[in-house]
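Here is a short report on one protein chain. Look at the structure first, then read on.

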Amino acid sequence: MKEEFVITTISEEDLEQLQHLYEELIPEGCTLSTIKEMFQKIRERKEYHVLVAKRGEEVLGSVMGIECIALDAPFMVIENVVVKASVHRQGIGRKLFERLDAIAQECKCEYTILVSSGYRKNAHKFYESAGFTEDVRGFRKYYEKNEKKC
């Protein structure tokens with residue numbers, strides 16, 4: 001029987017594994033130095049919630065929720081949803097989302113939103129099964145990357 005996983009807030013010790021996990025999410029990769037730099041900025045901001053799913057010391061998945069405040073209501077943006085391909089369909093993504101839902105509700109968010117690349121069809125099915133609806137159209141605008149960024 002496999003050991004159960006836990007959902008916890010990311011720690012500095014998790015960053016190297018997260019970098020490898022991000023290779024499944026970000027095709028061009030992301031440097032460990034960038035992840036460490038961003039982690040230092042994020043850890044000081046209470047509106048950022050970066051969670052990891054771990055089995056023992058192994059990072060199996062991660063998600064980030066960011067509390068935002070609009071003039072009409074607070075809401076949460078979800079970013080960087082990733083679960084190791086080798087452990088898909090074990091409830092890890094669902095548990096990460098459930099914890100973010102609880103945080104969003106604690107923060108009195110009215111809704112959560114996420115944007116996903118069009119080619120990630122299996123991820124879209126998962127998002128729909130987690131209660132998200134495709135009732136809005138999302139857009140992204142990319143900027144030229146710095147050398148030191150992802």
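Is Arg89 buried or exposed? Arg89 counts as exposed, because its relative accessibility is 84%. Buried means under 20% relative accessible area, exposed over 50%, and partly exposed in between, with a 1.4 Å probe and protein chains only.

## About the model

This is a predicted model: local features need pLDDT of at least 70, side-chain atom pairs count only at pLDDT 80 or more, and totals for chains, interfaces and linings use all residues. Residues are numbered from 1 along each chain as its sequence is written, and side-chain values use heavy atoms, without hydrogens and water.

## Two loop residues

Arg89 sits in the loop between β4 and α3 (92–106). Helices (H or I, at least four residues) and strands (E, at least two) are DSSP runs, numbered from the N terminus. Arg89 is not a glycine, yet its phi is positive, about 65 degrees.

Lys108 belongs to the loop between α3 and β5 (112–114). Its phi is also positive, near 65 degrees. Lys108 is exposed, with a relative accessible area of 66%.

## One side of α1

Helix α1 spans residues 15–22. Leu15, Leu18, Gln19, Leu21 and Tyr22 are buried there. They cover an arc of only 165 degrees around the axis, so they lie on the same side of α1. The arc is that of the directions from the helix axis to the C-beta atoms.

## His49

His49 is in strand β2 (residues 48–55). His49 counts as buried, because its relative accessibility is 16%. Its side chain makes a polar contact of 2.6 Å with that of Glu67. A polar contact is a pair of N or O atoms within 3.5 Å; within protein, one must be able to donate a hydrogen and the other to accept it, and residues adjacent in sequence count only if both atoms are side-chain atoms.
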